[in-house]
Amino acid sequence: MSRVCRAEGGVNLAQGFPDFAAPAPMKAAASRAIEADINQYAVTWGAPRLREAIARRTAAYNGIPTDAETDVTVCCGATEAMIAALLATVDPGDEVIVFEPFYENYGPDCVLAGAAPRFVSLRAPDWSFDPAELAAAFGPRTRAIIVNTPHNPTGKVLSRAELELIAGLCVEHDVLAITDEIYEYILYDGREHVSLATLPGMAERTVTISGLSKTWSATGWRIGWCVAQPELTAPIRKVHDFLTVGAAAPLQEAAADALGFGDEYFARLAVDYTARRDALVSVLEEVGFEVFAPGGAYYAMVDIRRHTELDDVAFAMELVRGGGVATVPGSSFFADPRDGRHLIRFCFAKRSETLESAATILRERLG
Ligand code: PLP
């Protein structure tokens with residue numbers, strides 16, 4: 001959709017990346033690192049300063065005691081962390097439970113690891129799951145469950161009670177959890193981020209993934225990480241070494257500085273995203289969509305049926321055409337495209353000018 005948007009001269013609310021600058025001190029730190037000739041391979045599993053910064057932040061924010069020497073692997077984004085974790089822990093023939101709708105990579109990641117994804121539905125309007133459906137998905141071949149909170153594409157923030165239910169099933173069935181917590185600081189209306197690894201019985205069976213892309217507005221830097229106890233980290237580091245050797249060395253140094261930003265940085269991030277969410281959600285409601293307002297992350301899913309009988313792909317194409325607004329068709333987040341044919345996703349990680357331009361177009365076309 002980003003490509004189509006460029007061709008159509010549209011406003012891009014499709015792909016999940018900010019159109020504003022990354023933090024200035026982080027950019028300055030990267031420049032300094034390049035000037036200081038940090039140009040060669042870092043330690044494969046991450047520059048020591050960055051691993052220490054990740055360990056401190058993960059202990060302080062997530063409540064997961066983390067040893068920088070043995071528990072942290074720096075990867076080329078959360079994307080690489082996820083596939084490295086799966087390749088390291090899942091065998092061909094295993095099953096991996098994935099909540100649906102899901103971030104597009106998880107299905108192919110499972111397939112690349114030789115595993116079969118087993119989908120469990122998150123249902124609108126609050127995107128909760130049916131505990132019985134989840135319990136039924138755990139079987140003798142289940143090796144892992146992927147848990148993404150705050151969630152792309154729905155903005156769902158799993159509650160402590162929901163995570164406890166997941167944890168109970170993981171312990172009962174001896175299943176690993178691989179969590180994607182990349183939006184962990186982007187939370188609305190006082191919601192709490194709970195890391196699954198902190199729940200009873202989960203520390204030794206959870207790989208916790210996060211990264212620089214969203215919290216530090218730097219999706220192109222390709223810095224992410226996973227945190228897991230040494231027995232899980234050792235095989236992940238091996239896979240990571242063979243996949244990519246390592247993430248960009250000077251950017252790792254800058255990331256170490258960025259992870260040390262004070263509390264005010266993270267508080268500001270949440271305040272700014274709340275303003276962006278409110279601006280977009282109110283326009284989407286005003287033009288008549290049924291909006292599933294997000295509790296976290298930076299996306300809003302809407303039901304398009306009040307506007308059109310077209311499916312999601314046709315409607316998204318019509319909306320972007322001739323300088324329109326680009327969105328992501330809902331079917332891209334479902335194994336069976338029919339399940340998402342009534343949904344499209346808007347990304348609001350955008351400057352207020354971008355959101356205002358999108359609002360003007362949406363009012364003209366749909367209002
Ligand atoms: N995980 C989720 C849930 C995402 O939405 C995204 C990007 O949109 C990523 C991971 C990608 O993270 P990274 O840029 O660190 O690879």
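This is a predicted model: local features need pLDDT of at least 70, side-chain atom pairs count only at pLDDT 80 or more; totals for chains, interfaces and linings use all residues.
**Ligand site**

Around the ligand there are 14 residues, and those that come nearest are Thr 79, Asp 180, Tyr 183, Ser 213 and Arg 222.

| Residue | Protein atom | Ligand atom | Distance |
|---|---|---|---|
| Ala 78 | backbone N or O | oxygen | 2.7 Å |
| Asp 180 | polar side-chain atom | nitrogen | 2.5 Å |
| Arg 222 | side-chain N or O | oxygen | 2.7 Å |

The ligand taken alone exposes 390 Å², of which the protein buries 93%.

**Packing of H2 and H10**

Helix H2, spanning residues 24–35, packs with helix H10, spanning residues 249–259, at an angle of about 145°. Their axes are 8 Å apart, and the crossing is right-handed. On the H2 side, the residues in contact are Met 26, Ala 29, Ala 30, Arg 32, Ala 33 and Ile 34. Helix H10 contributes Pro 250, Leu 251, Glu 253, Ala 254, Asp 257 and Ala 258. Sorted by class, this contact comprises nine nonpolar residues and three charged ones, with no polar residue.

**Backbone geometry**

Most peptide bonds are trans, and most residues other than glycine have a negative phi.

The peptide bond from Glu 100 to Pro 101 is cis, with omega near 10°. Pro 101 belongs to the loop that runs between strand S3 (95–100) and helix H5 (106–112).

A cis peptide bond also links Asn 152 to Pro 153, where omega is near 15°. The loop holding Pro 153 lies between strand S5 (142–148) and helix H7 (160–173).

Trp 127, a residue other than glycine, has a positive phi, near 55°. This tryptophan, Trp 127, is located in the loop between strand S4 (116–121) and helix H6 (131–137).

How values were computed: Residues are numbered from 1 along each chain as its sequence is written. Side-chain values use heavy atoms; hydrogens and water are left out. Axes are lines fitted to C-alpha atoms, for helices over the stretch in contact, and angles run from 0 to 180 degrees between N-to-C directions. Helices (H or I, at least four residues) and strands (E, at least two) are DSSP runs, numbered from the N terminus. A crossing is left-handed if the near helix is turned anticlockwise from the far one by less than a right angle, and right-handed if clockwise. Contact means heavy atoms within 4.5 Å. Ala, Val, Leu, Ile, Met, Phe, Trp, Tyr, Cys and Pro count as nonpolar, Asp, Glu, Lys and Arg as charged, and the others, Gly among them, as polar. A residue is near a molecule or strand if one of its heavy atoms lies within 4 Å of it. A polar contact is a pair of N or O atoms within 3.5 Å; within protein, one must be able to donate a hydrogen and the other to accept it, and residues adjacent in sequence count only if both atoms are side-chain atoms. Accessible areas come from the Shrake-Rupley method with a 1.4 Å probe; for residues, only the protein chains shown count as cover.
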